Amino acid sequence: MTTPPSRPGADLEVIDLTRVFGAPAGSPSDAPVRAVDRVSFTAPSGLLTGFVGGNGAGKTTTMRMIMGVLAITGGDVRFDGRPVTQDDRRAFGYMPEERGLYPKQPVLDQLVYLARLRGIAAPAARAEVLDHLERLGLAGRAKDHVEKLSLGNQQRVQIIAALMGSPRALILDEPFSGLDPAAVESMVELLREHTARGVPVLFSSHQLDLVERLCERLVILKQGQVVASGAPAELQRAGAVRHRLVVGADAGWVRGVQGVHAIDVDGPEALVELSDDDAAQLLLTTALERGPVHEFTPVRPTLAQIYREVTA
Amino acid sequence: MTATTNRPQTGATAAPEASNGVGHGNRGAWLIVMNREIVVRALNKSFLMGLVISLVMIAGLTGFFAWQSSKTDTFTVAVTAGDTAALAAVEGADDAAAEADQKVVVEALEVADDDAARAVLEEEDADAWLQSGEAAGEASGVESGEEGWTLSGWREPDSGLSQLLTSTVETQTIAANAAEAGTTMDALSAGATLDTQRLDGNAIDPQVVFIAGFVLAFLFYLGTIGSGTMIAGSVIEEKQSRLAEIIATAVPLRHVLAGKILGSSVIALAQNLLFAAVGLIGLSFTDLSTILPSVSASLIWFVVFFTVGFLAVAALYAVAGALASRTEDLQHTTGPVMFLLIGIYIVTFSAEGVLEVVLSYVPLTSIVSMPVRVLAGEALWWEPAVSLVIMAAFTAASVLVCERAYRGALLQTGGRLTWRKALAAEG
C-alpha cells in the first residue's frame, strides 16, 4: 500500500445522535417516535461511506440532522474533531431526499444561482457548472428548462448542485437512484475525485450491490439504530462464519455433535455454524472416524446475507 | 483535473472562517436571491401578461375619460312653427350652455305642426320637442289658457337637456314676468347670490377625490395580492422541491427571506410607478390636467407608503408560503392575508370623515387613506410623515416576527403548519 496522500479533509462523526418526533399537542394518544436512536458512526475523511437500511430506518432523518435542516433531539455531530458549526455545514455539499429544482428555470442558470449562493463568483460558478455538465453528458442541455429533462438527467443536475465549490464533506441522500449504470460510473468517478482530496462522503442507498462495490465503509441502520458498521470485509469477518462439510455417507449425525449448529443437512452435505474452534476440531475428528471427508470449508456470508440478517 | 480541484485546500487545522471553500461569510447572499426574484418575475409570462393588461386598462380608462370630457353633445329640439316662445327658449338654452362651457349644442328644428313633430321624434331626427304655454295646452288636450311648458321625447328626454331647458325656460319666464311687473330679473334677484371659496387654495372636486380613493385602493389591492401571491408561490416552490434545504444549508435563511421580500418589493414598486406614470400622462390630456400637481403629490405619497407597507405584506405572504406543504395548501395558508387585504381595499375606498382620518394612521390602510386625504387637501403637512413613521415601525415588527415564523416553518415537512407551530419551532 502506498502512503496515503496528506488529507486536508476531516472526519465526520456522529455520536449518540437521536431524534424524537414528538406527539403533536392535543393528541396524547400518539406516543413520541424515536426515529433515530443513539446512532453513532464515523464517515472518515477521504472514504466513501455507504448508509443502508430499509424504508423508515432513519437514514434521511440522520442526514437532515447532520446538515442542520432538522433539529437534533440528542447527541452530537462532529466535524474535524469538534462540534459541527453552521459555517462548516455551509461548506458541505448536500443532496436532499426528495428531488426538485426550479422546474421553469434553465439548468445552467439555476446551478450558477446555487453556486453563487455558496459564495462562488459568477464567472467561476459558470465555468464549474459547465465543466460538470460536460462530464455528466448534459452539456447540450444547459439552456433547457429543468422540467424538460428526464428524471435521470434531473438527478444529475441535482448532484452537480451538491458538488459545486469544493465542498468539505458530501452528504448525499440516495444519489444513485434512477441512474443507469453508465451514469452511476461517471458519478462514482466524480465522487472519487472528492474523496481523493480528503473529503468524507456519506451516501445512502438501498442498492446493496452498489454499496458493496463502492464503499470503503458501511453503516447499516434498522429502526433508528446502527446494527452494523465498518469496512465491508470487517463486517464479513465479524459475521457468524459457517462451514460446509461433505462426507462419504449421510451427514445427519452432525446434529448430535457438541458446539455444532446444523443449519442445513442434505444427504452427505451439511452447512453448520460452529460455536468455537474446539467445535470445529471435534466435528472434523468425528467425521474422519466415520469415513472419508471430501470437503470442509468456511463459508463467508455475502453483504446481502449480512444485511438480511442484521435487519431481519 | 476539474474545476473542483483547483481551489487551494485548507488544512484540517485551519479555522473555518479562514477557509477558501464555499459558503463562508457570503454577506451578499440576499442580493443574489433578490436578483433572481426580480429576473424570474420580470421574465414570467403570466406576470408580463397581467402587467400589459393592467396598463391597457389604465390607458383605456384615462383615454375614455379624456374623450368623454372633450366631446360635444348636440341635441336637436323640434319646435312647432309659430311657437316663438319655444324657439326663443331653445336658442337661449344653446347660449346658456355655451356660456357655461358645458360642451352642449342645442339646435332648433322647426316643424309644420304637432303631427310632424311626433314624426321627427319617432324617426329620431329630433331628440325632443319643446312646446310653450298655450300650444302645449292644446297639444295635450288641456283647456287653452293654461300656462306651462312641455318637453316631449319619443322616450324619456335626456336629463341633461331637460335640466338645461328647464332653467332657460324658468329664467326667460321670470324675466318676462318681471318686465310685466315693471322691474327686471336682476333687480329681483339682487343680493341673493352665494359664493363659496376655500382658503387652502386646494380646489379638488370631491368627486375626483372619491374616484382617486377608489383607484388607489384598487392599485393597492392589485399590487399586494399580485406580488404577494408570487412570493408565496416562490417560497412553496422551494419548500416542496427541498431546494429550501439546499439553500438553507448554504446561506442563512434570513438572507433568503430578505432577498425575496426586497425583490418582489422592487417589482411591486416598479409596477406602481409604471401605472402611476401612465395614469398621470393620460390625465394630462383630460380636463383634469389642472389638478395634476395635487394628484401627483398624492400619488408620490401613495408610492412611498405602498413601498414601506408592502414589505410587511410580502413578509406575511412568505410565511404563508412556508406554512404550506404543497402548492395546493397555498389557498388555505394565504387565505387570512388575502382576507385582510380585501378588507383594507373595501374599507379604504369607502371611508370618509373621522373613520378616514383614523385609517390614515393605521398601518396598511394608511397606504390608501393618507394619500386620499393629501389629495383632498385635508392632511396637514406633518400628518403623512407621522403616519409613515407608524407604518415603518409596524413593518419592522412584522418582518421580524415573520422572519422567525418563516425560519420555523420552511424546513418542517409533513403537513400544513399553523403560525403558532411555526413560531414555536426550534428551527
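Author: In helix H5(A), Arg156(A), Ile159(A) and Leu163(A) meet Ala183(A), Met187(A), Leu190(A), Leu191(A) and His194(A) of H6(A) (contact means heavy atoms within 4.5 Å; helices are DSSP runs of H or I with at least four residues and strands are runs of E with at least two, numbered from the N terminus). The residues of this contact divide into six nonpolar, one polar and one charged (Ala, Val, Leu, Ile, Met, Phe, Trp, Tyr, Cys and Pro count as nonpolar, Asp, Glu, Lys and Arg as charged, and the others, Gly among them, as polar). This is a predicted model, in which local features need pLDDT of at least 70 and side-chain atom pairs pLDDT 80 or more, while totals for chains, interfaces and linings use all residues. Residues are numbered from 1 along each chain as its sequence is written, chains are lettered from A and ligands numbered from 1 in the order in which they are written, and side-chain values use heavy atoms, without hydrogens and water.

H5(A) covers residues 151-163 and H6(A) residues 181-196; they pack at an angle of about 0 degrees, with their axes 12 Å apart (axes are lines fitted to C-alpha atoms, for helices over the stretch in contact, and angles run from 0 to 180 degrees between N-to-C directions). H5(A) and H6(A) are therefore roughly parallel to each other (under 35 degrees; over 145 is roughly antiparallel, 65 to 115 roughly perpendicular and the rest oblique).

The domain assignment, automatic or from a database, divides chain A into domain 1 (12-230) and domain 2 (239-302). The C-alpha centres of these two domains of chain A lie 45 Å apart.

Elsewhere in chain A, Glu269(A) forms a salt bridge with Arg244(A), with the closest N and O atoms 3.1 Å apart (a side-chain nitrogen of Lys or Arg within 4 Å of a carboxyl oxygen of Asp or Glu). Glu269(A) lies in strand S13 (residues 269-274) and Arg244(A) in strand S11 (residues 242-247), so the pair ties together parts that are 25 residues apart in sequence. Over all chains, the structure holds 27 salt bridges.

In chain B, H11(B) (residues 292-323) and H14(B) (residues 366-376) pack at an angle of about 165 degrees, with their axes 8 Å apart. These helices, H11(B) and H14(B), are therefore roughly antiparallel to each other. Among the residues of their contact are Trp301(B), Phe302(B) and Phe305(B) of H11(B) and Ile367(B), Met370(B) and Pro371(B) of H14(B). The contact of H11(B) with H14(B) divides into 11 nonpolar residues, four polar and no charged.

Another pair in chain B is H1(B) (residues 29-42) and H10(B) (residues 253-284), packed at an angle of about 40 degrees with their axes 7 Å apart. That makes H1(B) oblique to H10(B). The residues of the contact of H1(B) with H10(B) divide into 11 nonpolar, four polar and three charged.
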